[in-house]
Amino acid sequence: MATTSPLAPDRFPELPEVAGVRLAAIEAGLRYRNRADLMLARVPAGTTVAGVFTRSQCPSAPVDWCRRILPAGRARAVVCNAGNANAFTGRAGETAARLTAQTIARALGCSADEVYLASTGVIGETLDETARAEALPVLAEADPAGWEEAADAIRTTDTFAKGSGRAVTGPGGLAGTVVGIAKGSGMIAPDMATMLGFVFTDLSVSGPALQQALSASVAASYNRITVDSDTSTSDTVLLLATGRAGNPPIEGPSSPGWGGFVEALDAVNLDLAHQIVRDGEGATKFVEVAVLGAVDDDSARTIALAIGNSPLVKTALAAEDANWGRVVMAVGKSGQPADRDRLAIWIGPEQVTEAGVALESYSEERATEHLRGDEVTITVDVGVGEGQASIWTCDLTHGYIEINAGYRS
């Protein structure tokens with residue numbers, strides 16, 4: 001296993017149980033040895049589900065499967081394997097997905113169309129059918145696992161397991177929980193989901209309300225992170241509501257419990273998104289890029305991503321080099337409106353430019369001192385409007401090359 005990221009949390013968080021959710025994790029030998037690589041989350045009948053998926057034009061077989069069954073809006077299980085993406089595997093991949101869902105459905109006494117699938121790992125290799133067929137019945141009968149064990153089982157190049165949880169409170173004594181686990185380290189760029197994430201709540205939430213909340217939450221979290229500008233074939237985020245908290249169903253923004261639920265969901269997803277960036281392959285710095293003064297928020301996000309995805313910016317950050325000209329370059333190449341002669345840049349609290357030129361008071365020494373930390377901020381005002389947005393990224397180091405040069409070995 002790779003050395004744990006220097007940006008990792010001190011420990012996996014203490015997460016509460018979510019009423020109705022039962023987890024299992026086993027070593028299936030689908031790619032890895034001496035570690036769990038197959039996870040099952042089973043949920044009770046009546047559980048509603050929402051999902052967002054990759055926009056890649058080469059989606060995996062599990063993504064196709066989930067998209068097909070999602071309109072029914074009900075779930076009884078989520079199955080995820082690590083090490084093999086089951087992507088670009090043709091009919092064999094479709095068959096493996098269908099048989100996986102059918103096997104788990106028989107064990108749980110439900111329809112295969114209530115079993116959601118996710119796979120992550122190498123693209124273009126078929127699953128070991130013998131290992132899969134032998135492992136699934138064992139998984140269905142496995143002893144219950146905790147959140148950390150489940151999160152650990154879905155890792156690939158991740159150096160730590162990722163989890164987050166929040167309590168939900170609201171009018172009329174509303175009380176519930178939102179808990180999520182995620183994986184992601186490389187091949188991370190905003191495009192619907194950008195990783196795998198499984199989020200659970202014990203609240204009762206209608207399917208349409210659940211989808212509305214998840215889509216908005218993803219836009220503000222996972223779709224604002226980037227490690228390497230690459231979007232996976234397998235990106236999936238699922239949100240499941242068991243309804244075991246006993247609250248009146250949340251039907252949408254007009255429901256009394258909506259605000260508390262959405263606040264907790266957004267906090268969990270943003271926390272998980274930040275953890276993914278902190279585990280970026282080879283990362284040594286967690287970076288926030290904030291753009292102000294754009295024509296609108298979407299334009300600000302595009303400019304911020306142009307900065308955050310720039311290899312020249314990211315390598316300068318890795319070197320702790322306050323080469324702010326690379327930020328100017330990235331703004332200019334974004335394709336978005338910006339006024340060169342009003343451009344203002346800050347590295348941390350140090351203002352670098354104003355009105356399109358370097359400030360006489362600018363201190364490269366102070367800017368460099370900020371870059372020596374492991375939490376970095378870059379702020380840019382492009383001077384053409386009121387739009388603003390922030391994204392989160394990491395630096396680009398030799399470690400990224402080393403990890404990906406030998407990923408299949």
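A residue counts as buried under 20% relative accessible area, as exposed over 50%, and as partly exposed in between, using a 1.4 Å probe and protein chains only. Phenylalanine 88 is exposed, because its relative accessible area is 68%.

The model you are looking at is predicted, so local features need pLDDT of at least 70 and side-chain atom pairs count only at pLDDT 80 or more, while totals for chains, interfaces and linings use all residues. Residues are numbered from 1 along each chain as its sequence is written, and side-chain values use heavy atoms, leaving out hydrogens and water.

Let's begin with the whole chain. Its secondary structure comes to 11 helices and 14 strands, read as DSSP runs numbered from the N terminus (helices are H or I with at least four residues, strands E with at least two). The C-alpha trace spans about 70 × 55 × 35 Å along its principal axes, and 57% of the 409 residues are buried.

Where does phenylalanine 88 sit? You will find phenylalanine 88 in the loop between β3 (74-84) and α2 (90-108).

Now for the cysteines. A disulfide is a pair of cysteine sulfur atoms within 2.5 Å, and by this rule the count is zero. The sulfur of cysteine 80 has its closest cysteine sulfur in cysteine 66, but the two are 10 Å apart, so they are too far for a bond.

| Residue | Relative accessibility | Class |
|---|---|---|
| Phenylalanine 88 | 68% | exposed |
| Cysteine 80 | 0% | buried |
| Cysteine 394 | 0% | buried |
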